[in-house]
Amino acid sequence: MLTAFSIIILVLTFVSLPFVFTVNLKADLFENSGTIAVSLFFVPIFKARIRVESESATEKNIVVISGKKRDEIHLNADKNDKKSVMALFKAAPVMSYLTVEKLDVEAAVGFAANAFSTTMIVGVLRTFFGALSAFLKSRQNIAIRNVIVPSYNKNKLDFDVEGIFKLSLANIINGFIAGILNKLEIKAKRNGKMKTRALKVRL
């Protein structure tokens, strides 16, 4: 009895314990190169090089190279494209259960021959990240820091993004159960409407 009780406690603790993922993204847009690293409980589990390739003027792909393995993410919303961004999120519904705990964004933007463009782009990025920070903070308790600085002496488009995400099995189980109950409720309502229509026809 004591053993079973201990196992139940361990299982419940495991289910309620959130998995902490750390994602670090570094990119130099002028050099068209970058790296992405993912850690679980701050232990590295994945690292890859990334770059952007253009198929045409409107079609661009993110190429992810990890060791000898090469994969692509197509930047489009085509539902029939198995490698599109939309298909990626659809194939991994678990991503909808991720909660953001911390987000750090550092960027250096500069055009050596055009100080005006540098200033304008820095202002736009600061406004964008300010609006994004306000939106995220309104939805959950999250620590956000963004530092965007101009570089007037050389061409520079560097980004360093680090985020800490949490994934709880309890949230996934609750979401799964809620989805089943929602489907059963919809099915029950449909069956109720069908019975009502059948009763009206008989009358």
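Entry one, the ground rules. I am working from a predicted model, in which local features need pLDDT of at least 70, side-chain atom pairs count only at pLDDT 80 or more, and totals for chains, interfaces and linings use all residues. Residues are numbered from 1 along each chain as its sequence is written, and side-chain values use heavy atoms, with hydrogens and water left out.

Entry two, the count. I looked up the salt bridges (a side-chain nitrogen of Lys or Arg within 4 Å of a carboxyl oxygen of Asp or Glu). The structure has nine of them.

I found Arg51 paired with Glu53, with 3.0 Å between the closest N and O atoms. For exposure I used relative accessible area: buried is under 20%, exposed is over 50%, and partly exposed is in between (1.4 Å probe, protein chains only). Arg51 is partly exposed at 31%, and Glu53 is partly exposed at 22%. A network of salt bridges links Arg51, Glu53, Arg70 and Glu72.

Entry four, Lys83. I found a salt bridge from Lys83 to Asp71, the closest N and O atoms being 3.6 Å apart. Asp71 sits in strand β5 and Lys83 in the loop between β5 (69-74) and α2 (85-91), so the pair ties together parts 12 residues apart in sequence. Helices (H or I, at least four residues) and strands (E, at least two) are DSSP runs, numbered from the N terminus. Lys83 is partly exposed at 42%, and Asp71 is partly exposed at 35%.

I noted its salt bridge with Asp104, at 3.9 Å between the closest N and O atoms. Lys102 is partly exposed at 35%, whereas Asp104 is buried at 13%.
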